[in-house]
Amino acid sequence: MVNQSLFRSDEVSDIKMVRGEGVYLFDETGKRYIDSAAGTFNLSLGYSNQEVIQAAFSQANHLLHCTSSFTTDPIDNLAAKLVETSPSNLKIAHTKVSSGSVAIEGAIKLAQYYTGKKEVICFHRSHHGQTIHTMAMSGFSFRNQPFQFSKDAIYHVPYPYYYQAPNKTPEEVNNEVLTYIEDTVKYSSCDQVSAIVMEPILGLGGNVVPTQQFFVDLREYCNQKGIVLIFDEIQTGVGRTGCMYASDYFGVQPDIMAVSKGLGGTGFQVASILMEEKFNHMPAYYHSFTYGSNLMSCAAGVKTLEIISQPAFLDNVKVQGAYIQQRLHSMKDKYDFIGDARGVGLMTGIEVVKDKLSREPDVDLTNRIKKAAFANGLIVRTSGYGKGNVVKVRPSLNITGSKSKELCDILDATLADIDSGLRAKSPKPQKTLSCSQPLV
Ligand SMILES: Cc1ncc(COP(=O)(O)O)c(C=O)c1O
């Protein structure tokens, strides 16, 4: 068949996927793949989750769309469930947004409307979406280069990335970032910053996890300066960390939080902005989209939250996350080209490097791992928005023990093959004593 879609990059394969079930995706030949990227990090309950589909379809049979001039149960129920399960200071949910990008843009409007200020601070290698404004906010370049849009009123600051700062303590890195933020507010912006927008764990940029102290200090600084702290929990939210939100995990409350992806459970398109009551003066019509609050998706969101917010469900995320992290750490110990393994709950990843000493990112090798894993029936995604050398392992949250093991076994076997290929090409020299080695 002639391909009539928009030009696709070489990265997209011609393999046609036809069916999904739980953590598995099946292509048209019947080959099965275990998906460690949970679709696009959105299938919190895996492929084709029947409970969510039934809730959504039953709503679709009653009412699929209704103008937001009227009240409807699915919207009210979703807002109530979101508020019930999110950090306790967030009392209002706005669901009339159609995607993560649009939720982030709404969060910016709310901060500007409330503070009367325009400027925004975002982080290097962050990803906040693909609309013109969220691209300008995002701290990556590879998808931005050809376009001519303004970054007026947006400042980018470093993200605390400890592994890439080997000679500094996390405390030193945190202090440097916080000083950079303070200087930006004072000298670049002359105190016109309305909001700081942050992914609490850098998602597409490389699974980078700041320390809790960083958030404590950032929260305190925002309080002092009256800057609105916005968390982009589009990837980290809805159970991914083993807590409902990364905000809960770090024990820090943002003023506004954007949620999407995992909220749709098994792939329904739904997003939301949660906020403190003080923002509830901006009329909803300033940020309302025809296909925001799709009633079928809202019903899916309610069912998803009902399932994920159960303590036993979140415990499973912690248990599976701990198992996968332990396996990733042992891969790090085994293979010279894995420099770091890190994560929280089921938001994990490994950093691929040329060697452990230099920590230099090895993007080619990372892409080879991704390809080889795919051939072995494992889907992994890499950190193209960051340095490109992190293999992300973020399966659906209802993964079971045997499937976590299967995922790790395939990844480990893939890395072992790559390792033996590398060793065959350049056999390791015999160890000789060097000055940096302790003398025995
Ligand atoms: C952290 C984060 N923010 C925002 C977005 C944008 O969401 P959407 O693609 O639904 O617009 C994404 C999507 O990958 C994301 O990972």
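Strand 7 (residues 193-198) is largely enclosed by the rest of the structure, because six of its six residues are buried (under 20% relative accessible area with a 1.4 Å probe, protein chains only). Strands here are DSSP E runs of at least two residues and helices are H or I runs of at least four, numbered from the N terminus.

This is a predicted model, so local features need pLDDT of at least 70 and side-chain atom pairs count only at pLDDT 80 or more, while totals for chains, interfaces and linings use all residues. Residues are numbered from 1 along each chain as its sequence is written, and side-chain values use heavy atoms, with hydrogens and water left out.

## Its neighbours in the sheet

Strand 7 runs parallel to strand 5 (residues 119-123), joined by three bridges (pairing takes at least two DSSP bridges). It also pairs in the parallel sense with strand 8 (residues 228-232), this time over four bridges. A195 turns up in both pairings: V120 has it as bridge partner, and V228 in strand 8 stands opposite it.

Helix 7 (residues 212-225) belongs to a right-handed β-α-β unit with strand 7 and strand 8 (clockwise from the first strand over the helix to the second, with the strands pointing away from the viewer).

Helix 6 (residues 170-188) and helix 7 have axes that come within 10 Å and cross at roughly 20°. That makes the two helices roughly parallel (angles under 35 degrees). As for who touches whom, N174, V177, L178, I181, E182 and V185 in helix 6 meet Q213, F214, D217, L218, Y221 and K225 in helix 7 (contact means heavy atoms within 4.5 Å).

How values were computed
Buried means under 20% relative accessible area, exposed over 50%, partly exposed in between (1.4 Å probe, protein chains only). Axes are lines fitted to C-alpha atoms, for helices over the stretch in contact, and angles run from 0 to 180 degrees between N-to-C directions. Angles under 35 degrees count as roughly parallel, over 145 as roughly antiparallel, 65 to 115 as roughly perpendicular and the rest as oblique.
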